[in-house]
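Dear colleague,

I am handing over the structure we discussed, and below it I have set out what was found. Please read the notes with the structure open beside them.

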Amino acid sequence: HHATEEIGMLRVIPNMTICAPGDPEETKCITRFSVNNYGPLYIRLGKAGEPLVHKENSLGNLSLGDIIPVISGSETAIFSTGAMLKYAVDFVKQHRLTASVYSFPFIKPLNKGQITILLNKYQQIITLEEHQKSGGFGSAILETANDLIEEKKLNKLPNIKRIAIPDKFYSISGSQKYLWEKAGLVLKEEYFK
């Protein structure tokens with residue numbers, strides 16, 4: 001309940017699949033995927049009533065590690081996972097930014113072919129997650145980028161900014177939006193210049 005560190009703990013377990021769907025449509029896809037998946041699988045869900053980002057029945061079936069394009073733009077991309085997706089989409093639209101937004105319903109494993117294309121395409125990437133900065137989604141992106149450089153599949157490391165919960169405890173309560181603001185889980189227009 002209200003865990004912000006479980007993804008980091010679960011990522012170290014071999015063969016563990018970790019999912020954090022961004023809206024009800026992604027949740028349907030991940031649920032279908034989980035029924036046919038062999039092996040341990042964790043699904044991180046919100047409290048229910050999450051807003052719809054994708055059109056109903058628009059996603060079809062997801063394959064292991066798939067990344068979902070949500071908004072197409074240039075130079076800067078937001079990589080979002082879980083509950084932060086709607087916030088990212090709304091921010092880009094409200095500020096009329098040319099940024100791309102991608103949803104990552106799979107945190108582990110990442111689709112290596114898809115992530116290679118994205119890391120080569122964008123000069124700047126912002127990872128956005130409702131999790132501790134250490135060991136979470138942003139860490140997975142950085143580790144994958146580093147591995148791809150070592151494998152000579154990535155020419156240059158893009159600038160990667162991680163937006164996640166700092167390495168500290170919070171003893172406050174409030175709405176999800178209030179807690180995001182207190183923990184610094186916010187996008188700023190200056191990140192896109």
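A pocket here is defined on a 1 Å grid over the protein atoms alone, as an open set of points where a 1.4 Å probe fits, with protein on both sides within 12 Å along at least five of seven lines, and its lining residues have an atom within 4 Å of a point. This is a predicted model, in which local features need pLDDT of at least 70 and side-chain atom pairs count only at pLDDT 80 or more, while totals for chains, interfaces and linings use all residues. Residues are numbered from 1 along each chain as its sequence is written, and side-chain values use heavy atoms, with hydrogens and water left out.

The second largest pocket is lined by Arg 11, Ile 107, Lys 108, Pro 109, Leu 110, Lys 112, Ala 140, Glu 143, Thr 144 and Asp 147. Two or more of these lining residues come from each of S6 and H5, helices (H or I, at least four residues) and strands (E, at least two) being DSSP runs numbered from the N terminus. H5 gives the largest share of that lining, four residues.

Helix H5 itself covers residues 137-150, and its 14 residues should span 20 Å at 1.5 Å a residue, which agrees with the 20 Å between its end C-alpha atoms; the expected span is 1.5 Å times one less than the number of residues. Its buried residues are Phe 137, Gly 138, Ser 139, Ala 140, Ile 141, Thr 144, Ala 145 and Leu 148, where buried means under 20% relative accessible area, exposed over 50% and partly exposed in between (1.4 Å probe, protein chains only). Among the elements that these buried residues pack against are helix H1 (6-11), helix H4 (112-121) and strand S8 (159-165). Just after H5, Lys 152 takes a positive phi of about 65°.

Ser 34 lies in helix H2 (residues 24-36) and is partly exposed, with a relative accessible area of 23%. Leaving aside neighbours within four places in sequence, Ser 34 is in contact (heavy atoms within 4.5 Å) with Leu 41 and Ile 43.

As for the cysteines, the count comes to zero disulfides, a disulfide being a pair of cysteine sulfur atoms within 2.5 Å. Cys 19 is in no disulfide, and the nearest cysteine sulfur, that of Cys 29, is 11 Å away. Cys 19 counts as buried at 0% relative accessibility, and Cys 29 counts as buried at 3%.

With best regards
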